[in-house]
Amino acid sequence: MTPRLTGVGMGPGDPELVTVKAVRVLREAAVVVVPVLDSGETGRAEATVLHHVAGAAAKVERVVFALNEREDRARREAAWDAAGARVAELLREHGSVAFATIGDPNVYSTFTYLAQTLAPLVPGLVVETVPGITAMQDLAARSGTVLAEGTEPLTLVPVTAGAEVLRDALAGPGTVVAYKFGRLAEQVAAALRDTGRDSSAVWGSALGLPDEQIRPAGHPLTGPLPYLSTLIAPATRTRRGGKL
């Protein structure tokens, strides 16, 4: 059997925001790997799997990743190596493995690093992905914010790259989306003010979950906020179809 690794997008948290294909792949999988910070926790991805798949607890495998490690590269890569070794074992045993990840497996996902780690460990490995709804799409829907019209660009910035990267994006045209900005909320607020984007920006966290927070346009950003906060600063639009 050809070894096969499938990254499955679980969306931003709301279990209803999962595709029919994702549910089918999870139900057919012999084992479903979920990334966690600690082997004792039930993360968002696992909670969504359990919501959709009867008896999933018996086939879910928690694999520890240094998900929030930004400074210690050695620790981060050691976690990737350990996770890769474990998933390689599962692939040899089962032939195919599904990897459930929040959001989309091709957008700032741990799945990317796992697939790269496994390539030299599992000869002939086939890597596939099932797309998932992203946090920016969910926040846009819940807040009534249009992400892009006509010829407008749409820029996605992880604020882990620094607030100046976001500031540069805000100074340009089109809609800007910021991910993972909670720890730098004050710097993000300053960038919005300095670029005249503060009156239209919306932000949210824990979308679709009991502790969901969504702040409407113009609401001041004050920190600290949850790490996985999402911000949308929409493009300026003066008339219908003006950007066509």
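Visitor: Where does E152 lie in this model?
Guide: This is a predicted model, in which local features need pLDDT of at least 70, side-chain atom pairs count only at pLDDT 80 or more, and totals for chains, interfaces and linings use all residues. Residues are numbered from 1 along each chain as its sequence is written, and side-chain values use heavy atoms, with hydrogens and water left out. Helices (H or I, at least four residues) and strands (E, at least two) are DSSP runs, numbered from the N terminus. For E152, the place is the loop between α5 (135–143) and β6 (154–158).

Visitor: Is E152 buried or exposed?
Guide: Buried means under 20% relative accessible area, exposed over 50%, and partly exposed in between (1.4 Å probe, protein chains only). E152 has a relative accessible area of 10%, so E152 is buried.

Visitor: Which residue meets E152 in a salt bridge?
Guide: Side chains of opposite charge can pair when their charged atoms come close. A salt bridge is a side-chain nitrogen of Lys or Arg within 4 Å of a carboxyl oxygen of Asp or Glu. Here the N to O distance is 2.9 Å, and the partner of E152 is R237.

Visitor: With which other residue does R237 form a salt bridge, E149 being in the loop between α5 and β6?
Guide: The closest N and O atoms of R237 and its partner E149 are 3.7 Å apart. This pair links distant parts of the chain, 88 residues apart, with R237 in the segment after β10 (230–233). R237 is partly exposed at 27% relative accessibility. The residue you asked for is E149.

Visitor: How far apart in helix α6 are R167 and E164?
Guide: Their side chains meet in a salt bridge of 3.4 Å, N to O. Because R167 and E164 are three residues apart in helix α6 (residues 163–170), their separation is about one helical turn.

Visitor: Which side chain joins T129 in a polar contact?
Guide: T129 sits in strand β5 (residues 126–130). A polar contact is a pair of N or O atoms within 3.5 Å; within protein, one must be able to donate a hydrogen and the other to accept it, and residues adjacent in sequence count only if both atoms are side-chain atoms. At 3.2 Å, the side chain joined to T129 is that of N106.

Visitor: What is the relative accessibility of S205?
Guide: S205 is in strand β8 (residues 202–205). Contact means heavy atoms within 4.5 Å, and beyond four places in sequence S205 is in contact with residues including D211 and L228. S205 counts as buried, because its relative accessibility is 2%.
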